[in-house]
Amino acid sequence: MRDWYALPMTENRSLNQQQQAAVRHPGGPMRIIAGAGTGKTQTLMHRFLYLVESGIRKDRILCLTFSRKATQELRRRLLHQLDHGHGSLHVHTFHAFCKVLIDEWNVADRRQPLRLLTGSELTQFVLTTIHAIPDDELRAHQGAFGREKLAGNLLTFGSQTRDLLMSPDDVDAYALHAEPAPGRLHDLALAHRRVIDAMAAAQVYDFAALGVEVVRRLQTDADLLDRARKRFDHLLIDEFQDTNVAQFELIRLLSHEACPVSVVGDANQAIYAFRGGGSRYLDGFDTFFPGARTYALDTNYRSGQAILDPANALIRHNPGADHLELTAADPARAGVVTVVQTANPALEAAHIARTILELTHRRENPVLYGEIAILLRSTDRNSAPIERALAANGIPFQARDEGQGNAESIRDVLAALRLVCGPAQWRDAARLVGKRNRDTAQMLRAIEAAVPDPDERDALLDRAVSLSGFPSRQQTALREIRQLSGMAKQFGEREVPVALYHAMLLADVLGETTDAITTSTMNAFIAQANAVADAGESLTDLARQLTAGYASVPWGPPVQSDGVAILTVHAAKGLEWPVVFLPAMIDGEFPLPMKLDADFDAETLGDWSSRGNRMPTEQERRARFLCEERRLAYVAMTRARAELHISFPARTREGAPASMSHFITEAKLSDRLALSSQMSDDRPPVSTTDLARQLRTRRNAAMTTDIGDESMPARLAGLLLEQAAANRGWAGAKPLLPRQLPMPFSPETPIPLSYSQLRIYEGCPRQYFYARTLDLAEGEESANITFGSVIHAALNSLNLSWQQSGQLPSDNQIEAAIEAHWPERGFQFAAQTRQLRVRATAILQRYFAWEGRQIPPRRPVLVESSFDTGYGRHQIAGRIDVVLIDDNGAVEIIDFKTSKWTSSSVRKPAESLQLFVYDHAHRLENPEALPTVAFYALRHDDDRGFTNIGDWDPRQIKAHQHSEDSRQMLTARLDTLLTRLEANDFAPRAAHDTCSRCSYRWLCPEGTLV
């Protein structure tokens, strides 16, 4: 039966006795130990609702989670249950909550708005700072490559030290204590202090610095701490087993007798020690919060007992706190567990592909591709043969690789680029030459043994030296390296994109067998090279940009939401699938061997800091590392609902004998071991009959999907491959008809909406279906959208300053706001960037000059005001740009428009559904108010140099105050839209001017007709 594989727990399932006891905890601090699949989110949600029913306003409860996904899921569930009164929900990640606090404090103190550095922008900031350190101050990281390596280490190390609340002085002491002879830790501590100072000077933060700043201010400002504590009456903390020092200190500061804390966690799932997280605060909760009550949830609603039994057996080998014995809620759902050994990793991948085909094509209980996950300890080490096997068998998949920066092809290209544009380095040239010839690679290793100093080896490439000290074959290897280096220098004289192309040839990544992953990555490199050339920058600039940003380069095959998921166990935390494969279960892969280098280990840092500057012994580190690996295996096993398939090869990738992971023995599964019957790699490709069966199975499963099933969007999105095939005229593919699709709304389901969603639906219901129901991402943001976002962000900060001070911002303040929010990237050409920056500044200067001429004068009362307002039984959310009030008490609700307005693009406030929704939300909070509503166009078609023209007016037409007639007209229009949504009316509204711009025209049957 299909429902045997469906998610068993729903939001309407009644709570069991354990959950009810936790939900109804009478008061004081509380700890909930919630095992895997025991309904943690359900319990947390009902605890929130119980507190509200007990008289606590929803905006007086702070709920902190560890991921945006968890935050969004909890908010969604709560919004379905709560009314629209009593303010907004405070459900945040730790980082988001810290940002909210700092933003509020900066406005109150009249400081510049917070600027957060993430991704490649943060990497570039660190690289730039480290490149500014004089050579004579560094001990072990000389040259460009050494500095880049130092930057890579610091990005991890710096985040860890801030999570542990270690000051630069603490880091200096650690470097001196852990490495008495100054070397790389000396450099790391020096670079750490320089980056901290540079961030302070530039008034920028990274994610880790957010928590440090909040804790520092609360610890040093008693008045600020008192105000922060008075904001909430209860704290709810999710995934408490992953709390680091800074996060726990924030919780401790905010909680007090009148604001108790309730935490949810499971020490068995603490798998983020490398980030400084750990279960010490969960385990010792009653010590930190005396009088705390503990509740345990051990009834598992996810997995069959056959899956839970080995998971229970495995985790019992970890010492420490008592381990929950998970019991399946439904004894009839036994589950399936297999353990298979193959000859080598390639045959293991072939076995997995064959098993997936059998699962998806079997007559009873066929499984959809999107219901299968392959979990790996390391995707960088183990995913390649699996991806090749799935592709060869026509199995769609989506690979999520956290180790993109370690991809072989990327490292090869970066090595070639360094040869092309910088001083020749031994390791780069040797990497590329050795890659082409195994014998040469062996000779190069012999040279490295003979010349251990890297600088001396680099010198072999840069000057003529006598080669008589090396055997003749090694001399040949040296000559190959020198020849390659000379060839690379010639390429460096070409144009930037051409030089990059030759670097790719040197790296040998453009062969006929190049896979889709590498092709996608190289295309991204070429696009960046073109942008660098257009900006007038050099090949060296390109090399530095790619080195800084390669970890976030678009990577992987086209994502198909109905494909098999390939991801790490860390990334799978919090997720679940009916079928889970756990390959490469050999000692040395899972568990991985412990890295002996403790210098950059977060747990070692934490131990050193908390144990009075005592370093842990190697034995302690090994035991701790093995416990973490065992918890990872436990998490991997408990992701499976119905089937868990474990496999391992008899030999490693290098051909050495491999040993079955002792985790399999500890889980009491070694007696289930079976040998794969597949003894060769020769398998015929999937036939056209198999392909037809795939499409038919996918279609039938999606058409019968329950609208309440959380996996419905993924299943529906799986139909898009067939839809696109039909629209492109592929033989055997038929377009889908609207009546064949299951509908997302039912009569009793409240619909959460925003104005933007209403706008999309009113424009074309089918586009709404693709964008919101199937959750398909639209295209990348254009330069115009980026430009508008900058203006809105700067305008928001300036309006907040105006609201706080009562004074209109000066031209200097406007320039500073544009500077603070201007992206380093986002525009294609340097000239375009300069022009748009001048234009953005002039736009805002002109607008505030116009405000200064208004009589009577006015001031902001609300800025960027969010609302979640009820409309009948539905919920409409949005954000109002600004609400102004003049000295006579007249109120105006304004929505700023940054696109260019012409005489043909007039928007009438009296007919705007958007402004009507804003007016409705404002009047719910202020029933006596009779506001006017207006669009303010900050750009006009007659702009000439953006001068402060005396008759310039940002209002396209006169602002409108709704009459009873206009309210009735707009209410009827909104009711009509909601009625059609309730009826699941997603008929397309085809028109040439809308379809030609639609992001989904490639898959919509109507879109192909215009």
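Strands β11 and β16 (residues 640-649) pair in the parallel sense over seven bridges, where pairing requires at least two DSSP bridges between two strands. This arrangement belongs to a predicted model, in which local features need pLDDT of at least 70 and side-chain atom pairs count only at pLDDT 80 or more, whereas totals for chains, interfaces and linings use all residues. Residues are numbered from 1 along each chain as its sequence is written, and side-chain values use heavy atoms, with hydrogens and water left out. Within the pair, V339 has I646 of β16 as its bridge partner. Strand β11 spans residues 336-342 and is mostly covered, five of its seven residues being buried (under 20% relative accessible area, with exposed over 50% and partly exposed in between; 1.4 Å probe, protein chains only).

Across the protein, 52% of the 1010 residues count as buried. The secondary structure comprises 39 helices and 23 strands, defined as DSSP runs numbered from the N terminus (helices, H or I, at least four residues; strands, E, at least two). Among contacts (heavy atoms within 4.5 Å) between residues at least 6 apart in sequence, 77% join residues at least 24 apart.

Helices α4 (residues 94-108) and α11 (residues 245-254) have axes that come within 11 Å and cross at roughly 55°. Axes are lines fitted to C-alpha atoms, for helices over the stretch in contact, and angles run from 0 to 180 degrees between N-to-C directions. Helix α4 is therefore oblique to α11, the term for angles that are not under 35 degrees (roughly parallel), over 145 (roughly antiparallel) or 65 to 115 (roughly perpendicular). The contact is made by F94, F97 and C98 of α4 together with Q247, L250, I251 and L254 of α11.

The loop between β15 and α26 (602-610) contains L592. Leaving aside neighbours within four places in sequence, L592 is in contact with R377, R381, F625 and E629. L592 and E629 are 37 residues apart in sequence, and their C-alpha atoms are 7.5 Å apart in space.

The protein averages 75, and 69% of the residues score at least 70. Confidence is highest in strand β15 (residues 577-582), at a mean of 95, and lowest in helix α29 (residues 688-703), at 48. Over residues 676-695 pLDDT stays under 50, and the model has 31 contacts beyond four places in sequence for this stretch. Where pLDDT is low, the predicted coordinates should not be read in detail.

Key:
pLDDT = per-residue confidence, 0-100.
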